[in-house]
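Please find below a colleague's note on the model under discussion. It is arranged as numbered points.

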Amino acid sequence: MAFELPPLPYEPDALEPVIDAETMTIHHDKHHGGYVKKLNNALEGTALGDRSIEELLQGLDGLPEELRRPVRHFGGGHYNHSLFWPTLTTPIEGGGEPSGDLADMFNDAFGSFDRFRHVFSSEAAGLFGSGWAWLCLEPQGRLTVASTQNQDPPFLPEHAGGLGVGQKPILGLDVWEHAFYLSYRNDKASYIDKWWHIVNWDQAAKNLERARSETSVLAG
Ligand code: MN3
């Protein structure tokens, strides 16, 4: 079974004016599509095709040497973007503040939702080069903010660029230039600022539930 590019869960223009339709189309079809294609090419002819994307990435150390780099880069890209698309929604539906468990957990871990937002935005803005900012559920059950370089997902082993295999991502923000450059040019801070208006907190709450109860945060 080869990996497949999941369709966008909305029309490419659904996130306007925060993210323009052309950016979404190129980002999804060409960038994410390219990662899936290259991942499948790398795995072709191996006996690894029945592993989930998380299993492949968490088991990076046990893979044949020549597969580690493509699985990390393209498999990481596939995982991160599969998580990313559903956490975005229209500016009418999205944004605001979460309620329920997430709200309580933000208060516990950061003092307040506003404080969390500040910490997350600073982490994303401070990332040098290409990468992702993350909200993760730690193995101890607390929320934490971190970032990774390139397409490293947060649950890669630490020595491989991740935060440790027990980390489960709830929310990720793509801060590669391809995610914002057409509309925002070099103004990464504005992209991050506007992104808060399209965060799908219902999806984040679902991801939290999955992170607590299942191995995979990705919908089946
Ligand atoms: Mn991207």
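1. Basis of the note. This is a predicted model, in which local features need pLDDT of at least 70, side-chain atom pairs count only at pLDDT 80 or more, and totals for chains, interfaces and linings use all residues. Residues are numbered from 1 along each chain as its sequence is written, and side-chain values use heavy atoms, with hydrogens and water left out.

2. Manganese site. The manganese ion has as its protein donors His 27 (NE2), His 81 (NE2), Asp 174 (OD) and His 178 (NE2), at 1.9 to 2.2 Å. Donors are N, O and S atoms within 2.8 Å of the metal (3.2 Å for Na, K and Ca); since water is not among the atoms, sites may look incomplete. Along the chain, the donor spacing reads H-x53-H-x92-D-x3-H. His 27 belongs to helix 1 (residues 21-43) and His 81 to helix 3 (residues 65-84), so the pair ties together parts that are 54 residues apart in sequence. Helices (H or I, at least four residues) and strands (E, at least two) are DSSP runs, numbered from the N terminus. His 27 and His 81 are both buried, that is, under 20% relative accessible area, where exposed is over 50% and partly exposed lies in between (1.4 Å probe, protein chains only).

3. Three strands form an open sheet in the order 2-1-3, with antiparallel pairing; two strands pair if DSSP finds at least two bridges between them. Strand 2 (143-149) and strand 3 (168-174) are the edge strands, each pairing on one side only. From one strand to the next the twist averages 25°; axes are lines fitted to C-alpha atoms, for helices over the stretch in contact, and angles run from 0 to 180 degrees between N-to-C directions.

4. Strand pairing. Seven antiparallel bridges join strand 1 (residues 131-137) to strand 2. Ala 133 stands opposite Ser 147 of strand 2, and Leu 137 has Leu 143 in strand 2 as its bridge partner. The hairpin of strand 1 and strand 2 has five residues between the strands, and Gly 141 takes a positive phi near 90° there. Strand 1 also pairs with strand 3 in the antiparallel sense, over six bridges; Gly 172 in strand 3 is the bridge partner of Trp 134.

5. Burial of strand 1. Seven of the seven residues of strand 1 are buried. Gly 131, Ala 133, Leu 135 and Leu 137 point one way, while Trp 132, Trp 134 and Cys 136 point the other way.

6. Second largest pocket. Its volume is about 250 Å³. On a 1 Å grid over the protein atoms alone, a cavity is a set of points where a 1.4 Å probe fits but cannot get out, and a pocket is an open set with protein on both sides within 12 Å along at least five of seven lines; lining residues have an atom within 4 Å of a point. Grid points are joined across faces, edges and corners, and a volume is the space filled by probe spheres set on the points. Helix 8 (201-213) and helix 4 (100-110) each supply at least two lining residues, with helix 8 giving the most, five.

7. Ala 204. This residue lies in helix 8 and counts as buried because its relative accessibility is 0%. Leaving aside neighbours within four places in sequence, Ala 204 is in contact (heavy atoms within 4.5 Å) with Leu 102, Ile 170 and Leu 171.
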